[in-house]
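Please look through the following structure with its two chains in view, and read the report below alongside it.

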Amino acid sequence: MKQMQRFCQNWHRALALFWLTSVVVAALLATSTVLVPDLLHTASPPFLSPHWLGTDPQGFDVAYALLQGARTILYVSIPAAALTLLLGGALGSAAGYWSNTGLRVARSWWIASGLLVAGCIGLATQLYAAFLVTSGSLLTGCGLIGWLLHQSTWGRRPWAFPIDALIAGLIVLLDSIPLLVLVLVVAAIQQPSAGGLVLLMTLTCWTTPARLMRAATLRTRELAHVEAARAAGLSDWQVLRRHIWPLTWPVVMLRLPLTIALLIGLETTLSFLGVGLPPETPSWGRLLAGIRQSPAAWWLILWPGAALVLTTLSLHQLSRKKQ
Amino acid sequence: MKARTAWRYLGRPIVAAWLVVSILFLLTRAVSNNTSFIQATLEADSRLQLAEREQLTQQLLHRSGLDRPLFYVSFHPITGWQWQGIHNQYHAWASRLLHADLGLSYRSQNPVSELLVEALRYTLPLTVLAALLSLGLGLGVATGLHLTSPPRRTAVLTALQALQAAPLFLIATGLLLLFANPDFLDWFPSFGLGTEEETTAWWQLPGRQLYYLALPVFSLVLVSTPPLIIQLDGALQQELQQLYVVTARAKGASQRQVIWRHALRNAFLPTLTLLSELLPNLVAGAVVVEVLFALPGMGRLLAEAAATQDHPVLLGGVVLIVVTRVVAQLLADGAYRLADPRIRL
């Protein structure tokens with residue numbers, strides 16, 4: 001029975017991997033040129049040559065649009081997911097490792113950086129006029145002040161940087177609107193390009209990985225080997241890199257397929273609503289939106305819908321723990 | 001300690017909500033071209049001369065307060081920073097918002113609050129019905145799963161996980177194609193609310209509305225219930241292994257009694273967080289469903305405002321959703337306390 005279960009699981013994994021690989025291969029094979037619509041066969045049903053999967057109301061081939069939609073997934077959803085996890089992981093581990101009191105910076109540097117910011121604001125016109133000279137003199141001036149203050153005992157005393165509270169505040173800020181509405185509004189203010197959409201998704205979706213990473217880091221920080229590493233005098237960076245990340249990294253990696261699935265869902269929903277990517281970018285969601293023009297065209301739902309569900313299911317399958 | 005908890009549960013969400021709405025306001029005003037919406041109406045009128053048009057644009061800008069500076073301070077590369085006083089767009093907008101005045105729509109020149117109230121008349125039945133149904137269905141199925149045989153439970157859970165993989169718009173279009181298709185099963189209407197027909201008597205209206213809302217509500221329920229069931233089922237599974245359950249069984253309680261009387265209350269705690277997100281998420285989900293089923297509700301209002309860059313309407317909708325979210329969170333915190341007296345605020 002156990003063996004049977006394991007076989008089943010491996011089989012599922014293999015199937016999921018096979019499907020995802022074929023999506024990636026399809027995306028790489030698809031040409032980026034826009035095909036001319038076949039105006040003689042608009043909204044033609046599938047299984048007829050030359051369009052084996054049918055055409056949409058504009059006369060575009062569905063099979064071709066599916067391939068190009070896979071390309072959009074590869075170039076938009078996956079980079080966005082990777083960036084989301086990187087940002088969320090970094091912020092979450094910083095918040096968990098230092099919490100509110102751990103990140104101590106000497107008063108001298110606090111004052112120097114405060115002066116730098118104040119100088120940038122106060123001398124903004126000069127910065128516009130002569131950027132190099134003003135910024136150079138600002139940097140050297142503030143550096144000098146910081147260095148001088150650092151010579152005194154008062155200046156060397158640390159002030160804590162409340163990084164945990166800061167990141168928690170940011171998370172509360174972003175979570176106060178449902179994701180879809182936030183992205184919808186920002187995308188409406190200015191129609192984003194593909195790169196802009198990746199950035200927008202990254203900046204709005206990082207909260208969940210950050211929360212997970214913060215919890216994992218909080219747990220790991222208390223372990224004995226981290227204590228030992230700190231006692232041995234390793235720097236914060238080394239403790240994080242050598243002793244904490246190897247243990248917390250799997251949390252984020254396990255999250256990767258789920259994040260990709262989430263972002264594919266978000267991107268296709270936006271394209272379906274006609275908001276996200278520019279109209280000429282093919283997407284499975286945009287293909288599905290064709291159903292609104294010809295409600296009887298079941299093939300416009302079946303193929304992209306099946307592709308979408310299979311991809312999401314495969315990604316979910318991958319994120320299950322290996323037995 | 002008291003002030004801290006008040007800040008954490010009341011202050012922080014409100015400040016966050018205010019900040020989000022303010023940032024979105026400043027973004028909409030700063031990034032977009034103010035004159036574009038006036039230009040479109042003026043250019044339609046070809047009788048106007050160029051000079052007249054300029055003047056008219058200025059007048060219209062002045063009337064809607066768009067010729068003022070955007071924020072308390074402004075920056076210009078040559079003149080530097082300048083204090084603008086309280087006669088700026090942000091101040092005017094914020095003070096009107098505090099009086100619950102959301103401004104006028106760019107497109108139709110109607111008050112935004114009127115448009116929102118009108119839209120809520122359609123969205124509230126949709127979302128509230130969907131929320132109640134998913135809650136009931138979630139409770140029923142999750143407890144029912146522990147009363148049936150294990151293989152059946154695994155089968156249902158697998159099916160639910162598969163259902164979770166489909167995004168809302170796919171489920172909704174699928175339902176539309178299956179049940180509102182003249183070629184297949186023409187059971188339900190595919191769009192509208194059926195209120196435009198005058199012949200229906202007043203006592204027929206609720207039933208008629210239910211008939212028209214069936215597919216939209218069902219698609220929302222199909223999306224929001226699986227996560228609820230999966231989470232509640234996992235929590236129940238964990239609770240049923242606790243010692244107090246053994247005690248309850250030893251006293252002679254049936255499985256049904258053990259679940260409903262003893263385990264469910266404890267298992268429900270982690271699900272409360274999910275529930276507090278249910279209503280705002282349903283409002284967001286209503287965007288997709290209302291666009292697809294052509295219901296004149298909040299979601300469609302938002303989507304249309306997004307497509308036509310009608311920023312006051314868009315911001316008004318966001319304000320409403322943010323407020324719903326904050327209220328739902330407060331209610332969830334209160335419910336936590338009711339459900340588990342060990343939690344102290």
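Ala294(B) is found in the loop of chain B between H11 and H12, where helices (H or I, at least four residues) and strands (E, at least two) are DSSP runs numbered from the N terminus. The phi of Ala294(B) is near 55°, a positive value in a residue other than glycine. Most residues other than glycine have a negative phi. Ala294(B) counts as partly exposed because its relative accessibility is 27%, given that buried means under 20% relative accessible area, exposed over 50%, and partly exposed in between (1.4 Å probe, protein chains only).

This is a predicted model, in which local features need pLDDT of at least 70 and side-chain atom pairs count only at pLDDT 80 or more, while totals for chains, interfaces and linings use all residues. Residues are numbered from 1 along each chain as its sequence is written, chains are lettered from A and ligands numbered from 1 in the order in which they are written, and side-chain values use heavy atoms, with hydrogens and water left out.

A positive phi is also found in chain A, at Ser99(A), where the angle is about 35° although the residue is not a glycine. Ser99(A) sits in the loop that lies between helix H2 (62-98) and strand S1 (104-106) of chain A, and Ser99(A) counts as buried because its relative accessibility is 17%.

Within chain B, Asp233(B) belongs to helix H8 (residues 205-239). Is Asp233(B) buried or exposed? Asp233(B) counts as buried, because its relative accessibility is 3%. The side chain of Asp233(B) is joined to that of His146(B) by a polar contact of 3.0 Å; a polar contact is a pair of N or O atoms within 3.5 Å, and within protein one must be able to donate a hydrogen and the other to accept it, while residues adjacent in sequence count only if both atoms are side-chain atoms. When neighbours within four places in sequence are left aside, Asp233(B) is in contact (heavy atoms within 4.5 Å) with Ala142(B), Leu145(B), His146(B), Arg153(B) and Leu157(B).

The next topic is the domains, whose bounds come from an automatic or database domain assignment. Chain A is assigned domain 1 (2-102 + 163-319) and domain 2 (103-161), and chain B is assigned domain 1 (14-98) and domain 2 (112-194 + 205-339).

| Domain pair | Distance between centres | Buried area | Share from carbon and sulfur atoms |
|---|---|---|---|
| Domains 1 and 2 of chain A | 40 Å | about 460 Å² | 57% |
| Domains 1 and 2 of chain B | 39 Å | about 680 Å² | 90% |

In domain 1 of chain A, Thr101(A), Gly102(A) and Ile163(A) lose the most area to domain 2 of chain A, together 64% of what that side buries. Between these two domains of chain A there are 0 salt bridges, a salt bridge being a side-chain nitrogen of Lys or Arg within 4 Å of a carboxyl oxygen of Asp or Glu, whereas 3 residue pairs are in polar contact (both at pLDDT 80 or more).

In domain 1 of chain B, the residues that lose the most area to domain 2 of chain B are Ala17(B), Val21(B) and Thr28(B), together 46% of what that side buries. Across the interface of the two domains of chain B there are 0 salt bridges and 0 residue pairs in polar contact (both at pLDDT 80 or more). H1 and helix H4 (89-98) of chain B are the elements that give two or more residues to the side of domain 1 that touches domain 2, and H1(B) gives the most, with 6 residues.

Between the chains, 43 residues of chain B are in contact with 39 residues of chain A, and the area buried is about 3600 Å², of which carbon and sulfur atoms give 82%. In chain B, Ala165(B), Phe169(B) and Leu177(B) lose the most area to chain A, together 16% of what that side buries. The interface of the chains has 0 salt bridges and 2 residue pairs in polar contact (both at pLDDT 80 or more).

Definitions and conventions:
Buried area = accessible area lost by both parts, 1.4 Å probe.
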